[in-house]
Amino acid sequence: MASFSGSGANPLRDPADRRLPRIAGPSGLVIFGVTGDLSRKKLMPAVYDLANRGLLPPGFSLVGFARREWAHEDFAAEVHDAVKEHARTPFREEVWQQLIQGMRFVQGTFDDDDAFERLRSTIEELDKAQGTGGNFAFYLSVPPSAFPVVIQQLKKHNLADQSGGSWRRAVIEKPFGHNLESAEELNAIVHEVFAPDQVFRIDHYLGKETVQNILALRFANTMFEPIWNRSFVDHVQITMAEDIGIGGRAGYYDGIGAARDVIQNHLLQLMALTAMEEPASFDADALAAEKTKVLGAVKLPKDLGKDTVRAQYAAGWQGGEKAVGYLEEDGINPQSKTDTYAAVRLNIDNRRWAGVPFYLRTGKRLGRRVTEIAVVFQRAPHSPFDHTATEELGKNAIVIRVQPDEGVTVRFGSKVPGTSMEIRDVSMDFAYGESFTESSPEAYARRTELAPPMKIDLTDTTAGKVNKALVQGRRAIGTPAVGMVLTLVVVTDEENAYDALKAAGDASHEHPSRTLVVIRRVSRSHRDRTQSRLDAEVRVGADAGTGETVILRLYGEVADHAQSVVLPLLLPDAPVVVWWPVEAPLDPAKDPLGALAQRRVTDTYTAEQPVRDLTARARTYTPGDTDLSWTRITPWRSMLAAALDQVTCEVQAVEVEGEEFNPSCELLAMWLADRLDVPVRRSLSGGPGLTAVRMATDCGPIVLDRADGSLATLSIQGQPNRAVALKRRDTAELIAEELRRLDPDDTYASALRFGVDRLKAGSTPATAPATARALDAAPGEGPVAKGEERLALPAPVEVAAKAPAKEATQEAPVKKEPEEAPEGKGAAQ
C-alpha cells in the first residue's frame, strides 16, 4: 500500500517525471486596488493564464478589494473582460467556470474597519466553500503611500495570522519607499506584521523570459564565460527606453520619477544578473546571495554632477504626432522637478569587473521603446588589416534584448564581398519570436503579418530540387531560414493528411520547425510499383506556421525507401521527431524513418487494435518512444498528484473509470499501479474518454469525477467539493507538449512495462486485466462492463455504484473534415 504519512513524500511525485507540472496547494489571492491598470492588464489575466495551463489548485479563490460599489457579479464581469482582452492563452469556458466559483468582491477603503471585517468574513466563507485551507496571499497593487495603512489593517483584523498549518503572504510592488530612510521605516512596519519569509517584494521584470535567459546564456554555455570579464569587456550599457509619456499615471509618477521607478529596481536587477558570479544552484537563496555580493561591490560616482543625468521631456513631435511636455501633462504640478530621464555610471569593485563602467539609463518620450543589455568588448590589441579596411568596423558586442523583440544579437566584423579587403559590422541574431513563441504571442502576430504565404508545387522531383525550392520560398517572402529548432516528420495517409498538417502547423507556432509530411501512395499493381515518383508541395509562411512545410507524396518503389527522401531534407544539427498520427509500426525505433529520430510519437488511440498496439509498445520500447494516449492524461496525473499533496493518507485501492478500448484509461491505471503499489481496477463507462478516478484511503475516499467530459469535480473526505477544469486538448496541443522535452520519458516507460504483463493482445478491458496489479485483492474478478454494478473497493472504504455517464460529443483527434468535426471518441483525456 502507498503510505506517505511518515515521510511526507507523495508517491505520485517523481523527481524524474519532469513532464508532470506541480500545481499550487489550496490557496487564494486578495488583490488590493483591484480596479487599477496593473490588476486589469497584468494580474487578473495572469491568474487566468495559470488556471488555463492547469497550474492553479482546485478551489482557488480570487478576492478583489476596492472602493467601487460592486457586487460579486460585477467583479466577475470585470475579470472576464480583462481576461478576454489581455490574457495570453485562449479563453476556455470550463476554465472560467472553475475560476468564477471562487470570485468575491469586498467594497471599502483602506482605513475602513468594517470593510476589513467583511474581508475576514469572506476569507472564512471561502475556506469552507472552496477549501482554501486558510492560505491567502495579499497583493498590494496600491500606491506606496498606502502600504503602511493596509499592512496595519491586516494586523488589526488578524488577517495576517497563520494558524493550523495555514500560511499568509504579503506581495508588495515597487517602489519600496522613496529613499533609504523611508525604505527602512516601511520594512519595519511590514516585518512587525509579516515575517521575512512571508513577504515577497516583486519585480515583474525578473519574470520576463529574456531576463531569466541571462543566466542560461552565461552559465549554460562555455563560449561566453571566458570573455565575460574586465580582460575583454570595454563597458556595459543597460537601457530601458519608452516612447510614451506618463499617460494617466500622474498621481503615481510625480514625485517618484525615472530613477526611483526604474533604475533602483529593474536596472539594478539586470545589472546584478549580468555581473554576478555563477551561483551554487538555481534556488532563490543561492541567486540572492550572488546578486547581493555584486550590489555590495557597486561604488557610487564620486562626482554625481559628472556621472549622473536627470531631465524632463518637453513638448515636441514624436512618431508624427505632437506631444505635450511633462509639465503640461494632466495632474502634474507645473513646478514639478520630477525626472522623466535618468542615467548613471557605476563601477563594480571586484576582480571580475574592476575598471569596467556600467551605464544605466531610462527615460520616457524617447525615440523608440527598447530594453536591452549591451556588453561591448574591447578592440583587438593588434590588427593585421590597415586602417582603411577597418574604418567601418565597430566594437564587438553581445546585445540581450529584453523587450519588445526579445532575443540576443551578436555583433562582429566580416569581410564585405569583393576583391578588396573591407571589413564592417554584421549581426547574428537569435529571436524568441522565431524559436519559441508560446510566451511571445505578440511577436508571432507581428511576424505573420510580414510573412505572406509562398507555395511551390513540384512534380516528379527529387529531394535536391525540394531543398532549392525551400531556399527560393524563403527568399521570396524575405524570411531567412533561421530560428527553426527541429524537424518534424509526419507519416500519414491522404485521408488523414489534412488533420495532421493542421496540427503540425499549429504546434509549430510554439516550436518553429521544418515539417515533412510523408504520404505513401504505393500502387497495387506490380507494374506501377516499379515506376517510382516523388511529388512535393513546398509551403513557407502563413499556413506553414512559423517554419516550413513540405508535403511529400511517394509513388511506387520510392515509397518503400522514404528515408532516402527525408534524410537530405532534415535541418542540419537539429533534433528529429517522427510522428505517426494513425497506424504506426509496432516497433517505431526499427522503422527506417523512426531510426532517424530522437523522438518517436505514436497514438494507440487511433490504432485498429489499441490493446494490441499498447502491448507491442511495451515489448519494443526504446528510449525516445512516446504515445499521445499518454500525453492526454497529463492533466489527470497532475490533478491526482495535487490531490495527494493535500492529505497524508494510506492509499489502499484505486478504480479508473472510462470508455472501452481507451488506451489512455489503461495507461493511467498502469501509472497509478506502478506508483502506488496497490490494486487498481478498470471499470467501464460511456465516456467520453476518462470519466473518473476513485482512490480508497484510510482517510476516506478521494474522487476525481468528470462525468460530463469537461468540468470535473474533486472530492476529498472532510473538504468541500471543488470544480476542476480538465480541458480536452486538441492534437496540436498534445504534439506541442511532446516537443517541449525530447529526452526519454522514463515515467512512461516504467508504467508501460509495469502494466503490459497483464495486458493481452486483442482482449477487451471487460474480459482481461488492464494493469499489472489490477484486482490482486479480488482474484478471479475482472473489471465490470458498462451498465453492470461496480464492485466495491477493499475495506475500509466502499465506492458506491454509479450509473454510466451519458454519451457526449467532442472533437475527434483524426479524420476531421475541414469545417466540421464529427461526433466520436476524440482526444478527451
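Student: Is P581 buried or exposed?

Tutor: We call a residue buried under 20% relative accessible area, exposed over 50% and partly exposed in between, with a 1.4 Å probe and protein chains only. P581 has 3% relative accessibility, so P581 counts as buried. Its place is in the loop between β24 and β25 (599–602), and its C-alpha atom is separated by 9.9 Å from that of A503, although the two are 78 residues apart along the chain. Keep in mind that this is a predicted model, in which local features need pLDDT of at least 70 and side-chain atom pairs count only at pLDDT 80 or more, while totals for chains, interfaces and linings use all residues. Residues are numbered from 1 along each chain as its sequence is written, and side-chain values use heavy atoms, with hydrogens and water left out.

Student: A503 belongs to helix α16; how many residues of that helix are buried?

Tutor: Helices here are DSSP runs of H or I with at least four residues, strands are runs of E with at least two, and both are numbered from the N terminus. In α16 (residues 497–507), eight of the eleven residues are buried, so the helix is largely enclosed by the rest of the structure. Those buried residues are A497, D499, A500, L501, A503, A504, G505 and A507.

Student: Which elements do the buried residues of α16 pack against?

Tutor: Contact means heavy atoms within 4.5 Å. The buried residues of α16 pack against several strands, among them β20 (486–492) and β21 (513–521), and also against the helix α23 (731–740). For the chain as a whole, residues 24 or more positions apart account for 73% of the contacts with a separation of 6 or more.

Student: How should I read a strand, and which way do the residues of β3 point?

Tutor: In a regular strand the side chains alternate between the two faces of the sheet. In β3, S61, V63 and F65 point one way, L62, G64 and A66 point the other way, and all are buried. Six of the six residues of β3 are buried, so the strand is largely enclosed by the rest of the structure.

Student: In which sense do β2 and β3 pair?

Tutor: Two strands pair if DSSP finds at least two bridges between them. Strand β2 (residues 28–32) pairs with β3 in the parallel sense, over five bridges, and L62 in β3 is the bridge partner of L29.

Student: How many aromatic pairs does a search of the whole structure find?

Tutor: Rings of Phe, Tyr and Trp (its six-membered ring) pair if their centres lie within 6.5 Å, and planes under 30 degrees apart count as stacked, over 60 as edge-to-face and the rest as tilted. The search finds 15 such pairs. One of them joins F65 and F110, which are stacked at 6.2 Å centre to centre with 20° between the planes. This pair links distant parts of the chain, since F65 is in strand β3 (residues 61–66) and F110, 45 residues apart from it, is in the loop between β4 (103–107) and α4 (113–130). F65 is buried with a relative accessible area of 0%, whereas F110, at 22% relative accessibility, counts as partly exposed.

Student: What kind of pair do W630 and Y748 form?

Tutor: Their ring centres are 5.6 Å apart and their planes lie at 50°, so the pair is tilted. W630 lies in helix α20 (residues 628–631) and Y748 in helix α24 (residues 746–756), so the pair ties together parts that are 118 residues apart in sequence. Both W630 and Y748 are buried.

Student: Which cysteines form a disulfide?

Tutor: A disulfide is a covalent bond between the sulfur atoms of two cysteines. The rule used here is a pair of cysteine sulfur atoms within 2.5 Å, and a search of the whole structure finds one disulfide. C649 and C699 form it, with their sulfur atoms 2.0 Å apart, and with -115° about the S-S bond the link is left-handed. C649 lies in the loop between α21 (634–645) and β27 (650–658) and C699 in the loop between β29 (690–697) and β30 (702–705), so the pair ties together parts that are 50 residues apart in sequence. C649 counts as buried at 6% relative accessibility, while C699 is partly exposed with a relative accessible area of 36%.
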